Amino acid sequence: MKNMKKIYLFLLFALISGLSNTVKAQTKVTIYQYYNATHHKHFYTNNLNELGPNGSGGFVYQGSIGQLYAEFRNSPTDQTVYRFVNPNTGAHYYTIHVNTFPSGFSLEGVLGYIYGTPFAAPQRSVKESYSSTYQDYYYSPNDGAPTGYILNGEAFKIY
């Protein structure tokens, strides 16, 4: 009986510890979309202060496309969404493939994380479209590409 009590206490402690880590690991960030009509460039960030709630530098805030997790868990089922920039064109590119990106782009940072199991909450596919005319990438959870853009397929998932 004494050993069973220790086992129950251990399991209770493990459960409580696991839940507190789970809550911390489940913090999400909103992904904000901006557009610069002069330069025909889209920009996405997880930091509203980066361009402000109304935008800046010619970029106008267009709303949120969804959320990603804020923290990396180091789980084999998780994916990182990377943000790349082309300093010559001002274009940004977002992908889960850190080693696969267009020529002229360099890694700028991380947009957020997609958690795999057991946190596989309902996710929406974010599609990538590209305009060779504007040398711009557009990302949307909606189907179809805007006029002048060609749909490339899924880039990553979002909550």
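Here are some notes on this predicted model, going from the overall fold to a few individual residues.

1. **Overall make-up.** The model has two helices and nine strands. Read from the N terminus, the elements follow the order α-β-β-α-β-β-β-β-β-β-β. The chain has 159 residues, and 38% of them are buried. Its accessible surface is about 9,300 Å², with carbon and sulfur atoms accounting for 56% of that area.

2. **The main core.** Which residues have the most contacts inside the largest nonpolar core? They are Ile31, Tyr139 and Phe156, in a core of 31 residues. Eight strands are listed as giving two or more residues to this core: β1 (28-36), β2 (41-45), β3 (60-69), β4 (79-85), β5 (92-95), β6 (106-114), β8 (136-140) and β9 (150-158). β1 provides the largest share, with four residues. As background, nonpolar side chains tend to be buried together in soluble globular proteins.

3. **Tyr139 up close.** Setting aside residues up to four places away in sequence, Tyr139 touches Gln33, Tyr44, Ile65, His92, Tyr93, Tyr94, Val126, Lys127, Glu128, Ala155 and Phe156.

4. **β1 and its partners.** β1 is mostly covered, with seven of its nine residues buried. It pairs antiparallel with β3 through eight bridges, and Lys28 has Tyr69 of β3 as its bridge partner. β1 also pairs antiparallel with β2, here over five bridges. In that pairing, Tyr35 stands opposite His42. β1 and β2 make a hairpin with four residues between them, and His40 in the turn has a positive phi of about 55°.

5. **Thr45 in β2.** Thr45 belongs to strand β2. Is this threonine buried or exposed? Thr45 is buried, because its relative accessible area is 0%, and the cut-off for buried is under 20%. Its side chain reaches the backbone nitrogen of Asn47 at 3.1 Å. Beyond its neighbours up to four places away in sequence, Thr45 touches Thr30, Ile31, Tyr32, Tyr34, Glu50, Arg83 and Leu111.

6. **Glu108 and Arg83.** Glu108 sits in strand β6. With a relative accessible area of 39%, Glu108 is partly exposed. Which side chain does the side chain of Glu108 meet in a polar contact? The partner is Arg83, at 2.7 Å. Leaving aside neighbours within four places in sequence, Glu108 is in contact with Arg83, Phe84, Val85 and His92. The C-alpha atoms of Glu108 and His92 are 9.0 Å apart, for residues 16 positions apart along the chain. Arg83 is also touched by Thr45, and His92 by Tyr139.

7. **The three-stranded sheet.** Strands β8, β7 and β9 form an open sheet in the order β8-β7-β9, with antiparallel pairing. β8 and β9 are the edge strands, each pairing on one side only. On average, neighbouring strands of this sheet are turned by 30° against each other, direction ignored. Seven bridges join β7 to β9 in the antiparallel sense, and Ser125 stands opposite Lys157 of β9.

8. **Ser131 in β7.** Ser131 lies in β7, which covers residues 124-131. Ser131 is buried, since its relative accessible area is 0% and buried means under 20%. Apart from its neighbours within four places in sequence, Ser131 is in contact with Asp136, Gly148 and Tyr149.

Key: Residues are numbered from 1 along each chain as its sequence is written. This is a predicted model: local features need pLDDT of at least 70, side-chain atom pairs count only at pLDDT 80 or more; totals for chains, interfaces and linings use all residues. Side-chain values use heavy atoms; hydrogens and water are left out. A nonpolar core is a set of buried Ala, Val, Leu, Ile, Met, Phe, Trp, Tyr and Cys residues joined through side-chain atoms within 4.5 Å. Buried means under 20% relative accessible area, exposed over 50%, partly exposed in between (1.4 Å probe, protein chains only). Contact means heavy atoms within 4.5 Å. Accessible areas come from the Shrake-Rupley method with a 1.4 Å probe; for residues, only the protein chains shown count as cover. Two strands pair if DSSP finds at least two bridges between them. Axes are lines fitted to C-alpha atoms, for helices over the stretch in contact, and angles run from 0 to 180 degrees between N-to-C directions. A polar contact is a pair of N or O atoms within 3.5 Å; within protein, one must be able to donate a hydrogen and the other to accept it, and residues adjacent in sequence count only if both atoms are side-chain atoms.
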